Amino acid sequence: MANTISLNGEARNEFGKGVARRLRVAGKIPATIYAGGTEPAYLALPMRETTLALRHTNALFSISFDGQNKMAVVKDVQKNPVKRIIEHIDFLEVKAGEKIDVEVPVFVEGQPKGAAVAFVDIQELKVRADVANLPEKIVVNVEGLTDGTKVLLKDVQMPEGAELDMDDLEESVVTVEVPEDATESAEAAAPAAAEAAAPAADAE
């Protein structure tokens with residue numbers, strides 16, 4: 001479930017690319033916290049701590065700045081495509097007890113039967129959950145599943161307190177099948193195995 005991460009920032013009242021560049025040189029990331037019906041809050045956050053914190057999917061942030069404290073979740077992260085550093089973060093302010101929609105990545109665990117492999121058909125699921133209990137991932141167990149098996153949305157075990165917010169529950173999330181190259185390899189190996197066994201049969 002979601003990690004609650006505390007960050008200490010500072011309010012900012014200067015804007016523009018030049019200001020943002022100076023902040024990043026100083027080891028800070030410009031950020032904005034949006035809240036419905038009120039003016040956004042503009043701040044700067046410590047680059048190292050914030051970058052590490054963003055490794056957690058759907059984390060709940062407790063952000064302190066200028067004598068204020070706001071709970072928020074990440075709305076958008078802007079990265080430099082070349083340097084791969086974070087240039088700006090948009091947060092969405094949330095309240096205790098509020099439920100929101102989040103995108104949760106799908107992972108598989110376990111080993112399908114034989115040469116079958118599990119393929120993830122939907123990389124992320126839209127889930128509705130309490131802000132204090134947001135799931136980081138959804139795990140689908142494929143242990144022992146056979147070729148041709150599909151795990152549908154309606155079959156996915158949801159984390160406690162979370163519910164799917166998707167329309168077609170018959171849609172496939174994970175498909176288990178034997179890859180074509182594995183089938184071709186097995187078919188190619190069969191004649192060779194038969195030829196190898198032939199001399200032994202003749203010897204009898």
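Author: A contact means heavy atoms within 4.5 Å. By that rule Asn80 touches Ile85 and Glu87, leaving out residues up to four places away in sequence. Some ground rules: this is a predicted model, where local features need pLDDT of at least 70, side-chain atom pairs count only at pLDDT 80 or more, and totals for chains, interfaces and linings use all residues. Residues are numbered from 1 along each chain as its sequence is written, and side-chain values use heavy atoms, with hydrogens and water left out.

Reader: Where does Asn80 sit, and why is Asn80 called buried?

Author: Asn80 is in the loop between E6 and E7. Those E names are strands, DSSP runs of at least two residues, while helices (H or I) need at least four, and numbering starts at the N terminus. As for the label, buried means under 20% relative accessible area, exposed means over 50%, and partly exposed is in between (1.4 Å probe, protein chains only). Asn80 has 15% relative accessibility, so Asn80 counts as buried.

Reader: How much of the chain is buried?

Author: Buried residues are 34% of the 204 residues in the chain. The chain has 3 helices and 14 strands.

Reader: What makes Glu93 count as buried or exposed?

Author: Glu93 comes out at 16% relative accessibility, so buried is the word. Glu93 lies in strand E7, residues 86-93. Beyond four places in sequence, Glu93 touches Ile33, Tyr34, Ala35, Lys70, Met71 and Ala72.

Reader: How do you know that Glu93 and Lys95 make a polar contact?

Author: A polar contact is a pair of N or O atoms within 3.5 Å; within protein, one must be able to donate a hydrogen and the other to accept it, and residues adjacent in sequence count only if both atoms are side-chain atoms. The side chains of Glu93 and Lys95 make such a pair at 3.1 Å. The side chains of His88 and Asp90 are joined by another, of 3.4 Å.

Reader: What else is there to say about His88?

Author: His88 is in strand E7 too, and its relative accessibility is 16%, so His88 is buried. In sequence His88 and Ala31 are 57 residues apart, yet their C-alpha atoms are 5.5 Å apart in space. Ala31 is one of the contacts of His88, as are Arg12, Asp76 and Gln78.

Reader: Why do we say that the buried residues of H1 line one face?

Author: In H1 (residues 17-25) the buried ones are Val19, Ala20, Leu23 and Arg24. Down the axis of H1 they fall within an arc of 135 degrees, so they line one face; the arc is that of the directions from the helix axis to the C-beta atoms. An α-helix has 3.6 residues a turn, so residues three or four places apart point the same way. The face of H1 turned away from the buried side carries the exposed Lys17, Arg21, Arg22 and Val25. Covering the buried residues are, among others, strands E3 and E4, helix H2 and E7.
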